[in-house]
Every structure is written in structure tokens, then in C-alpha cells.
4 protein chains.
Amino acid sequence: MTPLIIADQEFGSRLFVGTGKYASAEAMTESILASGAELVTLSLRRLDLQHQTDNILKPLQRMGVKLLPNTSGARNAQEAIFASELAREALQTNWVKLEIHPDPRYLMPDGNETLVAAEALIKKGFVVMPYVHADPVLCKRLEEVGCQCVMPLGSPIGSNMGLASRPFLDIILEQANVPVIVDAGIGAPSDASLALEMGADAVLVNTAMAVAKQPKQMSKAFRLAVEAGRLAYESGLGEKRFDAAHATSPLTEFIGALS
Amino acid sequence: MTPLIIADQEFGSRLFVGTGKYASAEAMTESILASGAELVTLSLRRLDLQHQTDNILKPLQRMGVKLLPNTSGARNAQEAIFASELAREALQTNWVKLEIHPDPRYLMPDGNETLVAAEALIKKGFVVMPYVHADPVLCKRLEEVGCQCVMPLGSPIGSNMGLASRPFLDIILEQANVPVIVDAGIGAPSDASLALEMGADAVLVNTAMAVAKQPKQMSKAFRLAVEAGRLAYESGLGEKRFDAAHATSPLTEFIGALS
Amino acid sequence: MTPLIIADQEFGSRLFVGTGKYASAEAMTESILASGAELVTLSLRRLDLQHQTDNILKPLQRMGVKLLPNTSGARNAQEAIFASELAREALQTNWVKLEIHPDPRYLMPDGNETLVAAEALIKKGFVVMPYVHADPVLCKRLEEVGCQCVMPLGSPIGSNMGLASRPFLDIILEQANVPVIVDAGIGAPSDASLALEMGADAVLVNTAMAVAKQPKQMSKAFRLAVEAGRLAYESGLGEKRFDAAHATSPLTEFIGALS
Amino acid sequence: MTPLIIADQEFGSRLFVGTGKYASAEAMTESILASGAELVTLSLRRLDLQHQTDNILKPLQRMGVKLLPNTSGARNAQEAIFASELAREALQTNWVKLEIHPDPRYLMPDGNETLVAAEALIKKGFVVMPYVHADPVLCKRLEEVGCQCVMPLGSPIGSNMGLASRPFLDIILEQANVPVIVDAGIGAPSDASLALEMGADAVLVNTAMAVAKQPKQMSKAFRLAVEAGRLAYESGLGEKRFDAAHATSPLTEFIGALS
């Protein structure tokens, strides 16, 4: 499989994961290891920046995965920019997953504020990975202002509804010149596989792994599904054909030939 | 993962494959090896029973996979029974995939003739694996007459339309006491994964592998997806929740706490 | 709109309705009137055949609609045949809606028993309207033995899930030479309209009307939707085109032309 | 049915229509009359403002429908504002359907520019009806700046793909305090009915009517479907219930009771 490249960094795995909702730091660690993920996002809110004893950050750093701080909880561009700068300092990385969601119920992203923040952060030297609605024009704009990838949603965060935005993801995938990472709503390995089959460059999964009865096993399932989806994409899937006409010879001819 | 058992035989792989539509016997062999399948179905029509030099059968026998002759092309119970007996003699197996499809266009199965043939074949000592419409009552009847599994279709053969019959498969899965193998229409790894996630015991895939641009790679993709789907099923998938309510603390509180 | 003809009888309305689940006989009567239906099915079980004071039958007879007794509750061909003969005598009609569902949970129909019963009833002079799974081969067989129409299901009875069987209904519609009436599962006017747009000759609706908060209004809504769907079918619907390319002239040209 | 009110104006019909793609002005006129629409949108580009002999405008004015100029073809806020002012002068109306789509292929709307233009136009005294992606946060923002309604898309313009954005429309409908009019992609009466059943306040349809083989009949079909959908919404639709359990008494009891 061809590797994925974002901002000159190569990733062997096309499965990105989160750190929220796990029952324990151990469960999280095991699960991330099983997922094979090389990029792990974590909310600034979840870090205890003033203490050395942080039980989320330490195991992640030991794993050697790339950390991707996110601005989850930010309600506008200003908060997101501030959080990004805080994260850069704390985690020593200029990568940021930009999340701005003023909506407390469905955590739907705010496209206008995201575009404003993206532009500002890119000027400040950040590698910006924006979480957005599956809006083709917005994704294009974010690409134009210098985002290194776009992260359109599949369905509302935590909903497990999969690729509800599919027809719009198709347009985004057709038009994008940067990697497209489907984020949010992926509830099962089949959703992840489908995203990759459609041509998505990667998926980000969190809830479906963290709240599974067996998080570690589920993470492995997602790893396999993402590999399956990418492999299928590279192997040339057939078209759906409702009118598949078949020219099978009836068995009678065969039976006749025997006698 | 728990192994699959059909008629006292254990299968490590939950991916069953076919032998049709490959460009060559070599492509078929490579592809089946990559799929990891342990059960391979082949049409009686495709065998050259009178000659030792058959280029389909020989490589399959060398691979050590279990051969499952099918009655593809049979238009009624009588033809299917005759073909089954012929296959038993030729391939030295009492297993048969029962396919009766009088419809030359969509190859949709004939439930009534299938039930008649299944009963007759079971009396003759066959292990019968019937390919049928996703009809819950028919599947129950086939189980009652002694079929060792049922093989409801996902969508028309060769259509790549996936699990079009999903709501009916759900009922079949809920009611079955024998393994349920989704057969026909599975066009992508995501379809295969979804079937397993729903609780299907196995899937049978042929066209999607055989006509891929890279059949070998595609077969590997299906292998991974089937493992992913089964693993996810055993790991406890979450529910789809449109109304996922979230109690995330806004970033402002966090930022306030810092200052 | 072209009228619908079943067994030489012409129907102005393509909406058939049931009589079950209404809060009262009055609610049923009002609702059926609002639906404009000319064919009304009723279960033999719901009639008090020994008394003149039946409060279901009387208002239906006064309305002048055609009564279609059904064999709901029959678990095999024998019971259905017996019920049909009873109904013929009691209601003085040789029409029967043949329903055989051994499954008490989802009321899924039994195709094999239905075919047996249909053949027997047709020999006895009945006009048989069989409720069946959306099984293309079975529908063809029923047509061949002399059924005057077929009634494939959209989704499980009472589920409101609409046309879950859509890809199979499409095949049935393509192949049928008798009217196809979609029965069961139609939960909203949009489902009914869609069935007619696809080319179904009629729909049968009961639960969605009877359990609505305002049954009379809902019945009117279904009447309008069925008319809309048929009208659209006859008016030539466009294809779904994901790749709709557009050659719209930009506004700038227009603005330029003004100056 | 309760009437629809936008900016203090009451509409008896919840079907809004367009004027594009008709074979002739006569076909357009007939079709709009058959649709019962009281609001008709037309592109500024399609008007011959310098001549009295315009063959689109005149018949519309004679019909007495409310004209809603749109800014179709505008690629940014500036162009859209200019076009709106031109339209206000030419058509003597301060209503405008705000369309900004820099994407020439799918005509997907630009949310950021739309928000900018909406704010500016509202300050200039316009009643702004913005065509936007089905983006819940954007719809909320447009409401906050004073838009009198929002017009989220169902699917790409002219695609006939229906309510592809359904899960997001559901969120918009739940959160909106202004009328929600589903615009673009509605390809069949069933789509229109579904939108109204979901709680949309109105739909705008153009292509599906204009390119039908019988535009006049198709327009009538949409009129009926919109009425059906609204009526159903007001009448209380039932839930979809996959697990509909049924307590039907078997026919045998009934038969037993007879003997």
C-alpha cells in the first residue's frame, strides 16, 4: 500500500485515533497499540499541563506515536487559536487538529470560524488539520488557505451513524488536492473500510473503539478494516450494476453433453 | 475469534470463495491463496470430468481447501439433484451448494424448488448449503428439513450492490439455529465486514475478487475485512445514536483555570 | 391517470386499505372515506359472522367499497383455503387476499404454502391476491399459476420501514405481467408515492393510517401521495445523476453585458 | 393545514418553484399554474431587463405569484449583493434568494460568502432566503444575522438525488426558529413528501418539473405530494419499528370457535 503523506510526514497506518471516553489509561494504551495508529489526537482539556504525572500524556509519549493536539471545546476562532498556541508550547508540536463547535448538542463544526482560525494559524506556522462539515466548497477554501489536509465529518460525533454525508464526501474526494481524512461518526469497521474504498486517505476513529465492550479487540478490527479498504481501493473495485446481465449456460447443456 | 462449524467441520476462515470469472487458473489460485479461504465452491459445469488434465480442479486439490460443488445452472429440483449426485461421485464429497435459478437475467433463486431439492438431497445423505432469497420463513423451513446452514443473498449475483436485503437478513440472523452465510452481491470489503458485524457467520464472495484489477490484492482485502467484521461482532459494537447528547466542558473553563 | 384493472374490475384509486388497528368503527369509516379507497381488505377473524350486528362489516357495505377478505392468521395452505371458502360464503365474493404467515413475530409470509394455496384456490374459482416476500421468482410462479396480481412486501408488517425491499421490487416490476401491489411496511405518504413512482400498480396501507394521531387526515395524505406517485410515473421522471454537469453562465458575464 | 409565514407574508402553498430549464415560456407558465406555487424564483440572468417584451417575466406577473429573484451565477458576496440590488430595482421586491456558488460543476454553495452577503443585504433592508449546504451551524448563524428562512440543500442541484443530506436536515429542523425550505436535488414527489413529513416548512423544486416528459402533470404531482407530506406531518406519523411485535390471534382459534 502506498504510504500517506501529510506535511512531508509519512504514515504507514491510515487509521488515526483519539484518546477520549476510555475507561482507563491502560485501556487506552492497549487499544491504541492494537490499532496500529501512528497519529493520536488528544484534547488540550484532558491534559494536566502543570504536573509531570499526567496519565494520558506519558503513555502516549512512550508509545512513540505522533501527538496531534486538538482544540475540542473551542467555540470560536479566537479560543481555538489560543488553545493551539498553548498546545504547541506544551507538546512541542506545530500540528493541530482544528475543532470549533459552538453547538453543544451535536458538536457540529463552525465552518466560518474554522476558516478564519485556519488562516491565522497557518500564518503562525502551524500544520492545520481542520474538522469540518462535509462541505465541498469549504474544503476547497481550506485547501486554498494552506491546510495540509481536510477532515470532513461522516456523521455527528459519537453517533456511530457512519458515512451519512457520503454523496458530499464523494465530491470532496473528487476535488481535493490534499489528503482527505474522514472524521466523526465512524461506528463500525465496515464504515472505515467504506471510507477508504471511496478514496479517503485516512479515517479518524475514537468513540467506536473506546466504548466497545472489548476496546483492544475492536481497535484491531478497525486496523484490519482500514487496511482492507485501502487495499481494495488500490486493487480496483468493480461498479455496482443493478442490471448485471448474465450469460450462464444452463446445466442442461452440460448434462446433455455428458450423456 | 471463535471458529465456524458446519456439519461438524471447523473452519478457521469465515470467507468462502468461488472459482468463476477469473482470467486464468493461475489468477484464481493466487487469489484463493491470498483470501485464506478454506472452502471453495465450483460449478459442476466448469469441470472437465472426463479428463485428468482439468486446470481448475487440480490446483484446488493441491491447495488442500475443501471443495464445495454447486448446482449453478440448474433450473429445477430435478436438475439440481442430478447434478449433486454427479458431483458427489466426481469430487468424492457429500457437500453441495444448492443453487436453483430459473431466471436467466438476475439468477434469482427459486425457493420452492430449492426446498424440494434440499429435502431430497438430505435424505440421500448430502450436507446441503442452499442459496436462497433473504426470506426468513424459507430459511426457517430449510433449517427444519435438515440444511446445515442457509445462504441468503445480499443482492443479485454479480451486482456488487452489497446488503440490499439487510432488514430481512437481520430477521434471518435473529431466528436461525444454523450458520447463516451471506451469498451473492457482496461487492466490496465493507459489505463483507458489515455482514459479519451484523452477526452473519460467513460470507461467500466471488465476482468482486475475480474481476478486480488486482484479484490477489483484492482477495487479501476481503480476508482482512472478514476478520475485522467478525472481531467487531465479538467485541461488542455500539448502537447508532442519532441523538448522541454530549456533555463536553467548553474550553473556556479550561482556559480560565489556567489563568 | 390510467385506471387499474384486476380480474376485469376497474379501480379509480390505486390505494387499497385495511381495517385493523382503528380505535373505533367510526374512526375506520371516516378514514376509509378520506382515503378514497375502492378496495378494502378485512380479516375473516374480525367478523362476527353469526350476528347481524357486526360493526365492521355493516359500515363497509354501506360505503359501497369492494370487500377483500384476507386469510390473516392462517399458518399453512390448508387453513388459508378453508378460511377463503368461509369468506366466500359469508361475504359473497370470490376475491381473496391470501396471507399465510407461520411466523408470529414478523408475520413474514410463507412462499411455499402460498403457492400451494394459490393453485388450489384458483382451481376453485377464486381471484387470488397473494401477499408474499419480494421474491422475483415466487412472484413469477404465482403469476404462472393464475394469480391476478401479486402483493410483495415493502418491509415487515407494521414496521413503517417503507420500501426496504426496493431492489427486489424493481426486478419484480420489470418482470411482472400482472399488477404489482406493494403491501406491508408502508409507513408514510412518501413511501407510497415512491412505490407508485417506481411503477407499482397500487399500494395497500393499513397501520400507518390506523395508528396516526389523526387517522382521517393521514388517510387523505396517503390518497394525495398515491395520486402524486402515479401521476409522476406517467409524466416521466428524470434519472438520478450524481454527475450532473452544469453549464451555467456566471453572473459576471451578465453584469458585464449591462455596463 | 397551517399556512406558512415568511417575513409576515403568508403562503397557502408549501411548494416553491423555479423557472429554469423549461422548453418554452408556455410550458413554464402551464407548469407553474399546475403546481399551485405562490412563490416563484427566477435568475436575474434570465431577464431581459432592457426590454418590455421579456417572455419570462410577463407571464409570471400576470399569474400574480410572488417573484423571488435569485443571484444564481454569483461567485462571491460582492457579486451577489450587486445582483440583489439590481433585482430589487428591476422587479420592485426586496426579497432575494441568495445563491453563491463558485463551483461550476456541482453548484455547491459557499457558506462563508453567503453569510457575509446575507448580513450586508439584511442591513440594506432585504428579506434574505439563503441557499446553503445542509450545515446546522451555518443555518443557525444565518438565522442569527436576520435571515427570514434558510434553504439547505437536499443534494446537488439538478441531481434528482433527493434528501441525501437527511441526517443533517433533521438537526437543522430541530434547531431552527425560522422556516426551513429544502432546496436542490428534489427529484420526485416522494422526495418532496418526505421533506415535509420530516418537518420542513416548504420545498423548492425546479429541474424535476421542468425536464419531465409532461411538465404540467409532473407539477401537479409535486403539488399533491407536498400537500400529502404536510398533512402527514400534522397528522402524527408513527415511528419506524423494526421490532414490531405482533399479538395476532391465529386463525385456528377462530376456526375452532366456529365449529
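# Reading contacts, helices and loops

Student: Leaving aside neighbours within four places in sequence, with which residues is C:E234 in contact?

Tutor: C:E234 is in contact with C:M1, C:T2, D:Q214 and D:Q217, once its neighbours within four places in sequence are left aside; contact means heavy atoms within 4.5 Å. This is a predicted model, in which local features need pLDDT of at least 70 and side-chain atom pairs count only at pLDDT 80 or more, while totals for chains, interfaces and linings use all residues. Residues are numbered from 1 along each chain as its sequence is written, chains are lettered from A and ligands numbered from 1 in the order in which they are written, and side-chain values use heavy atoms, without hydrogens and water.

Student: How far apart are C:E234 and C:T2 in sequence and in space?

Tutor: They are 232 residues apart in sequence and 8.7 Å apart in space, C-alpha to C-alpha. C:E234 belongs to helix α9 (residues 215-235) of chain C; helices (H or I, at least four residues) and strands (E, at least two) are DSSP runs numbered from the N terminus.

Student: Is C:E234 buried or partly exposed?

Tutor: C:E234 counts as partly exposed because its relative accessibility is 25%. Buried means under 20% relative accessible area, exposed over 50%, and partly exposed in between (1.4 Å probe, protein chains only).

Student: How many residues of helix α1 of chain D are buried?

Tutor: Eight of the 11 residues of α1(D), which spans residues 25-35, are buried. Among them are D:A25, D:M28, D:I32 and D:S35. Their cover includes β3 (15-17), β4 (39-43), α2 (57-63), α8 (207-210) and α9 (215-235) of chain D.

Student: How should I describe two packed helices?

Tutor: Two packed helices are described by the angle between their axes and the distance between the axes. Axes are lines fitted to C-alpha atoms, for helices over the stretch in contact, and angles run from 0 to 180 degrees between N-to-C directions. The axes of α1(D) and α9(D) come within 7 Å and cross at roughly 20 degrees. These helices are therefore roughly parallel to each other, the term for angles under 35 degrees. Residues D:E30, D:S31, D:A34 and D:S35 of α1(D) make the contact with D:P215, D:K216, D:S219, D:K220 and D:R223 of α9(D). The contact residues divide into two nonpolar, three polar and four charged. Ala, Val, Leu, Ile, Met, Phe, Trp, Tyr, Cys and Pro count as nonpolar, Asp, Glu, Lys and Arg as charged, and the others, Gly among them, as polar.

Student: At what angle do α7 and α9 of chain B cross?

Tutor: The axes of α7(B) (residues 189-197) and α9(B) (residues 215-235) cross at roughly 25 degrees and come within 7 Å. The pair α7(B) and α9(B) is therefore roughly parallel. Residues of α7(B) including B:P189 and B:L196 meet residues of α9(B) including B:F222 and B:Y233. The residues of this contact divide into 10 nonpolar, two polar and two charged.

Student: What should I look for in the phi angles?

Tutor: Most residues other than glycine have a negative phi, and most peptide bonds are trans. A:A184 has a positive phi near 80 degrees, and this residue lies in the loop between β9 (181-183) and α7 (189-197) of chain A. A:A184 is buried, with a relative accessible area of 8%. Phi of C:A7 is also positive, near 50 degrees. C:A7 is in the loop between β1 (4-6) and β2 (9-11) of chain C, and counts as partly exposed at 24% relative accessibility.

Terms used: Parallel < 35°, antiparallel > 145°, perpendicular 65-115°, else oblique.
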